[in-house]
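I opened a notebook page for this structure.

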Amino acid sequence: MSRFAGKVALVTGAGRGIGAATATELAKGGAALALNDVDADRLEDLAAGLRGHGVKVTTHLGSVMEEDFIRAFVDDATTAHGRIDLLANNAGGGPPMTPWAEFAQSDFAHFRAIFEMNFFTQAQLLHALLPGMVERRYGKVVCVSSISAVLGQESGSAYASGKLALHALVSSVSKEVARHGVNINAVILGNPPHPSRTPDRQAYLDRLSHFDRVGRLEEFGKAIAFLLSDDASYISGAAVPIDGGLIAPRLNE
Ligand SMILES: NC(=O)c1ccc[n+]([C@@H]2O[C@H](COP(=O)([O-])OP(=O)(O)OC[C@H]3O[C@@H](n4cnc5c(N)ncnc54)[C@H](O)[C@@H]3O)[C@@H](O)[C@H]2O)c1
């Protein structure tokens, strides 16, 4: 299936996890890729594998926390590929050396940095790429959010706040650009596996899922790829849960 043939996609934090799963689905569908990560080995390994699908893949090593890097990334990717049609605004989480803490005890500089990583990085990329999408009357954007945005998270208020701000950005900007051929959605991820999670924590999250199991990375990648595809042409301004039902908790044991 080549539903992304002729399309160019930019994916942040693509080296592993959700970003790698999304990039893989896009490559399988024939998209050319501009991939970003801070980890050179992960980035190059993934790119080498995805080139096996016969698509052009460029790699862009750097941190989305740096405004100058984002500007250079967009310029380099646009020069290499001609244009960007699809944006998987995926990188997020916690910046290095920035502990999560209960709000009252938190270092406010850390609060600000975590919020920034989960909101301003994605907002800046969208801001940089949107004018070209509007001009060409084609664009698909997915901003990766979390169940923490809608449920709240102890010791994760900065993360949850940054992610929820994404929802407001998406629903607002969508109204401005849908008539210009650009779809923008957020995805509310719940329960993807993560290497940093303890087995006990993972088991707790799995019990909350309606499926009693963790989501597979490819399940998240496929759903994000769907929202980046023309099959989702009438979906915009939404915050779509991909969470195994986690935000609709089971009331019975
Ligand atoms: N895994 C989860 O439990 C979970 C839950 C909800 C939402 N999310 C969201 O999903 C997205 C992806 O998370 P994941 O689980 O795949 O994480 P991950 O840690 O598995 O992968 C993140 C990738 O991003 C890269 N990265 C980290 N900082 C970066 C930076 N500043 N610039 C560029 N790349 C950077 C890392 O090197 C890594 O390859 C994030 O926005 C996260 O908030 C994850």
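How many residues surround the ligand, and which are the closest? I kept in mind that this is a predicted model. I counted 24 residues around the ligand. The closest are Gly13, Gly15, Gly17, Gly92 and Ser146.

Next I looked up which elements supply the shell. Helix H1 (17-28), strand E2 (32-37) and strand E5 (139-146) each give at least two residues to the shell around the ligand. H1 gives the most, with three residues. I then sorted the shell by residue type: eight are nonpolar, twelve polar and four charged.

Which strand is joined to E2, and by how many bridges? E2 is joined to strand E3 (residues 57-61) by five bridges, and the two run parallel. Between E2 and E3, the chain passes through helix H2 (residues 40-51), and this β-α-β crossover is right-handed. I also noted that Asn36 stands opposite His60 in E3.

My last entry is on helix H5 (residues 120-136). H5 has 17 residues, and from its first C-alpha to its last it reaches 25 Å. That is close to the 24 Å expected at 1.5 Å a residue. Where does H5 kink? I found a kink of about 35 degrees at Leu129, shortly before the proline Pro131. Leu129 is also one of the buried residues of H5.

Conventions. Residues numbered from 1 in each chain as written. Predicted model: local features only at pLDDT ≥ 70, side-chain atom pairs only at ≥ 80, totals over all residues. Near = placed C-beta within 6 Å. Helix = DSSP H or I, 4+ residues; strand = E, 2+ residues; numbered from the N terminus. Nonpolar A, V, L, I, M, F, W, Y, C, P; charged D, E, K, R; others polar. Pairing = 2+ DSSP bridges. Right-handed = clockwise from strand over helix to strand, strands pointing away. Expected span 1.5 Å × (residues − 1). Bend = angle between axes of the 7 residues up to and from the residue. Buried ≥ 20, exposed ≤ 12 C-beta atoms within 10 Å, placed from the backbone.
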